[in-house]
Amino acid sequence: MVGDAVADTDSSVDKQKALTTGYPVGRLAATVERLRHEVRSAQAEADGRALIELAKGILVERLGCGPAQAARQLAELADQAKVTPLELAVDVINQSARDRLSDVTGAFLAGARGNGSPSVPRAESERSAAVRLREAESGALAAPDTQAVADSLLQHALTPLGAVAVAIWTAGSDGSLTLAGSAGFSPAEAGRWRYVPPGVVTAARTSLAQRRGQWIGSLAETGLPSIGQHHFPEGGRAALPAGTGGRVHGVLEVVWPTPLEPQSPQVIRQVEALAELCAHTLETYAFVHDSDTVSEPRVLPDAAELVDLADGLHDPALVLVPYLDDGHLVDFHIHHVNSRFLDPAGRPRGLVNGALLLEAYPMAAGESELFQRVERVYATGEPFRAQRMNLTALVDQVALASVADISISRHGNSVLLIWRVEDETARLASLLQHAQRLGRIGGFEENLLTGEITWNGQLFSLYGRSPASGPVPLEELALHAHPDDAVAIGRFLRTLLHHRRPAAAAFRLRRPDEVTRHIRVVAEPVLDADGRPFVLRGAYQDISAQHWTEVALAATRDQLAHTEQQATERNRLTLQLQHAIMPPTQAPLQAPRLDVAVRYRPAETEQLVGGDWYDAVVLPSGLVLLCVGDVAGHGIEAATSMVVLRNALRGLAVTGAGPGQLLTWLNSVAHHLTGSITATAVCGIYDPDSRTLRWARAGHLPPVLVRDGEAVSLPLLKGLLLGAVPEVVYGEDEVQLAVDDTLLMYTDGLIERRDRTMEESMTQLLTTVRAAPCTLDQQLDRLLTYSRSDTDDDTCIVGIRVS
């Protein structure tokens with residue numbers, strides 16, 4: 001095979017010489033090409049030579065001969081089998097190694113023999129697959145870093161499978177991925193994907209999380225981001241975890257340029273074998289990505305170091321080391337337990353230390369999933385934390401469960417398991433103490449026969465008494481309460497002692513420090529065999545905060561009711577003013593050869609009464625004034641400002657001035673004669689005789705013209721919003737209208753959305769108005785119906801149609 005590669009190289013170089021002879025640049029190109037082929041040939045010879053030398057060593061050990069004799073034996077066997085020495089060397093290695101690559105080669109052989117002729121012992125493709133895998137292994141083992149491993153895998157093993165690129169990821173303990181080596185991608189693409197944070201879900205990240213291979217027909221169908229997604233958008237992917245002995249060190253990701261069909265079991269096993277080969281490399285090398293990529297050996301902490309760490313902890317801890325069977329993780333040895341270790345079943349440390357995890361805690365593989373958690377942490381390196389996790393042990397066929405806080409982390413090749421077993425009785429007592437403290441509750445018990453009274457510390461604190469002064473009997477309760485509460489306390493004692501039923505009462509406690517607290521007492525009698533009470537049990541609770549809160553809430557409710565009534569009246573007056581000036585519907589305007597329609601839709605929220613306004617009126621000159629505007633803000637101020645501007649524009653329009661001059665005057669009104677309001681407006685003067693419209697805008701959206709089923713927005717003329725500066729000059733434009741043309745003026749409440757730009761909203765509006773109904777009124781109603789605005793703002797529309 002190496003000789004064939006050299007022959008092909010010589011032929012290629014001869015052709016290159018023939019094409020470039022006589023040209024200096026061509027000679028240089030031919031020299032570069034020749035040197036490149038020589039380098040490739042040297043690499044191929046080196047890979048083959050390493051396999052041949054390994055086969056010689058196996059023959060020396062098996063036959064008990066010298067190296068020279070082993071070389072002759074290898075050559076003679078190759079000649080007899082009609083194969084190359086390299087192919088025979090691979091056979092010798094496969095038979096001797098019995099490793100994963102040998103199994104993959106055997107699967108290829110079995111599949112080929114089942115489909116081929118029995119007279120042909122092996123097909124050329126079979127021998128090529130075996131040689132490729134061993135060459136890939138040889139190149140990977142000899143590679144100085146993972147980048148060279150990626151190059152070797154792509155060249156020897158993956159390119160014959162149709163793959164075009166490969167990425168080798170190393171897994172971080174936080175679930176992140178770092179690109180340790182790649183081939184087939186551009187340097188820029190590899191640079192962009194040098195680090196993938198833990199939260200980003202990619203094909204490789206999915207394979208790492210699920211710890212199984214991901215075979216993706218087309219990356220575009222999954223929507224997952226990944227390296228090379230722009231170069232091979234429709235290509236297939238294979239992402240396989242690279243792990244050994246139950247531990248995942250990273251992920252091997254292979255890229256095909258076209259959609260990937262379902263692969264045969266032989267191909268799948270071949271890629272899995274390559275992933276395992278990558279795992280050995282990732283286990284040997286740790287990559288630290290800084291400004292440059294630096295390779296340095298990974299130092300795995302020894303279990304003894306972890307034992308020292310566990311002994312220094314104040315929590316119970318176990319040091320676990322993997323227990324492998326035939327290279328597969330089946331359990332964990334409990335290598336060490338520290339002095340603070342507490343067994344859930346109460347067993348001494350000696351019975352647990354040195355055992356297997358599933359032997360000591362067989363239920364860990366069941367409902368608690370403890371073993372699965374430890375296995376995942378060991379495989380991926382991601383630490384695990386859990387509070388109040390059930391921890392179950394099986395002792396003498398009896399399941400004993402307890403609650404524990406769990407912490408699992410991997411350190412080198414060992415796992416540190418920390419748990420804190422809770423004492424349920426102590427925990428409940430602690431919870432009760434905290435509940436009494438937070439609820440300001442004090443408990444008591446009073447023996448009616450002996451007169452003995454027991455108070456807890458919280459009750460002395462509520463009474464403001466020291467424990468040395470002793471508790472207060474229930475019969476003396478009225479002496480420590482406000483005189484006005486004597487009736488309630490008497491009813492409480494009668495119910496408790498005479499009727500022998502549980503009772504409760506609220507009273508004001510007067511403490512020795514002259515502080516008055518609002519207290520609620522609850523008690524119940526304990527009856528003897530004759531039905532007579534002999535013990536009273538109960539609790540006092542300080543409800544002062546609740547009492548004053550209720551007083552404050554009552555005052556607040558009164559204030560809110562008054563404020564709400566004022567706000568309702570204010571909104572009602574504002575709406576009445578707005579509707580009086582601009583009713584939602586208006587009688588059609590009578591203008592010669594012109595249909596005019598207006599619409600006004602108030603805001604859906606009554607508290608957002610706005611300042612949108614419109615006007616459509618025939619002037620004494622016969623011209624038609626058309627305008628819409630929007631005053632900034634909401635409420636009564638905006639409504640009154642709208643009235644000022646609308647009426648001012650009507651009065652100014654009688655002068656016969658053009659729309660630009662009218663807006664200049666209206667700007668002065670807004671700036672000087674009002675409370676410095678700001679507003680936008682668009683103003684038009686229509687001449688029915690010439691069918692021309694002169695218009696100007698002040699910071700407002702331009703009108704929309706609909707003609708022959710097409711809708712366009714008029715040019716965006718220069719014009720600052722009203723009231724911003726004292727003096728402004730507004731530009732004008734003139735539009736020649738035709739019969740059946742429709743012109744629309746509107747406020748931004750018709751189209752404005754929080755999740756879209758104004759350009760996108762305008763495009764949606766133009767699309768809606770193209771499908772014009774029969775009449776102008778129907779068209780305006782359609783605009784309001786299909787409006788997608790979500791800003792709860794007023795909406796005004798003025799429409800004209802030439803007839």
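Which residues lie nearest the centre of the largest cavity?

**Figure 1. Overview of the predicted chain.** The chain has 23 helices and 28 strands. Of its 803 residues, 43% count as buried. Among contacts between residues at least 6 apart in sequence, 59% join residues at least 24 apart. The average pLDDT is 77, and 71% of the residues score at least 70.

**Figure 2. The largest cavity and its lining.** Leu-750, Ile-751, Gln-764, Ser-787 and Arg-788 lie nearest the centre of the largest cavity, out of 13 residues that line it. Helix H22, which spans residues 758-770, gives the most to this lining, with four residues. The space inside amounts to about 140 Å³. A search of the whole structure finds one cavity of 30 Å³ or more.

**Figure 3. Helix H12, residues 303-311, with its buried and exposed residues.** Ala-303, Leu-306, Val-307 and Ala-310 are buried. These four cover an arc of only 105° around the axis, and therefore sit on the same side of H12. Glu-305 and Asp-308, on the other side of H12, are exposed.

Figure 4. A disulfide is a covalent bond between the sulfur atoms of two cysteines. Cys-627 is buried, with a relative accessible area of 1%. Cys-278 is also buried, and its relative accessible area is 1%.

**Figure 5. Arg-500, a residue with positive phi.** Most residues other than glycine have a negative phi, and most peptide bonds are trans. Phi of Arg-500 is near 60°, a positive value in a residue other than glycine. Arg-500 is placed in the loop between helix H18 (486-498) and strand E16 (503-510). With 37% relative accessibility, Arg-500 counts as partly exposed.

**Figure 6. Asp-708, in the loop between strands E24 and E25.** Strand E24 covers residues 704-707 and strand E25 covers 710-713, with Asp-708 in the loop between them. Phi of Asp-708 is near 55°, again a positive value in a residue other than glycine. Asp-708 counts as exposed, at 76% relative accessibility.

Figure 7. Leu-177 is 18 residues from Tyr-195 along the chain, and the C-alpha atoms of the two are separated by 5.9 Å. Tyr-195 is partly exposed, with a relative accessible area of 41%.

**Figure 8. Asn-456 and Pro-471.** Asn-456 lies in the loop between strand E15 (453-455) and helix H17 (457-463). At 21% relative accessibility, Asn-456 counts as partly exposed, given that buried means under 20%. Pro-471 is 15 residues from Asn-456 in sequence, with 9.7 Å from C-alpha to C-alpha.

**Figure 9. Gln-590 and Val-617.** Gln-590 is found in the loop between helix H19 (544-581) and strand E19 (594-601). This glutamine counts as exposed, at 66% relative accessibility. Gln-590 and Val-617 are 27 residues apart in sequence, and their C-alpha atoms are 8.9 Å apart in space.

**Figure 10. Two segments with pLDDT under 50.** Over residues 1-13, pLDDT stays under 50, and the model has 15 contacts beyond four places in sequence for this segment. Residues 107-127 also stay under 50, with 20 contacts beyond four places in sequence. Where pLDDT is low, the predicted coordinates should not be read in detail.

Conventions:
Residues numbered from 1 in each chain as written. Predicted model: local features only at pLDDT ≥ 70, side-chain atom pairs only at ≥ 80, totals over all residues. Heavy atoms only, no water. Buried < 20%, exposed > 50% of the residue type's maximum accessible area, 1.4 Å probe, protein only. Helix = DSSP H or I, 4+ residues; strand = E, 2+ residues; numbered from the N terminus. Arc of directions from axis to C-beta. pLDDT = per-residue confidence, 0-100. Contact = heavy atoms within 4.5 Å. 1 Å grid on protein atoms, 1.4 Å probe; cavity = no way out; pocket = protein on both sides within 12 Å on 5 of 7 lines; lining within 4 Å. Points joined across faces, edges and corners; volume = space filled by probe spheres on them.
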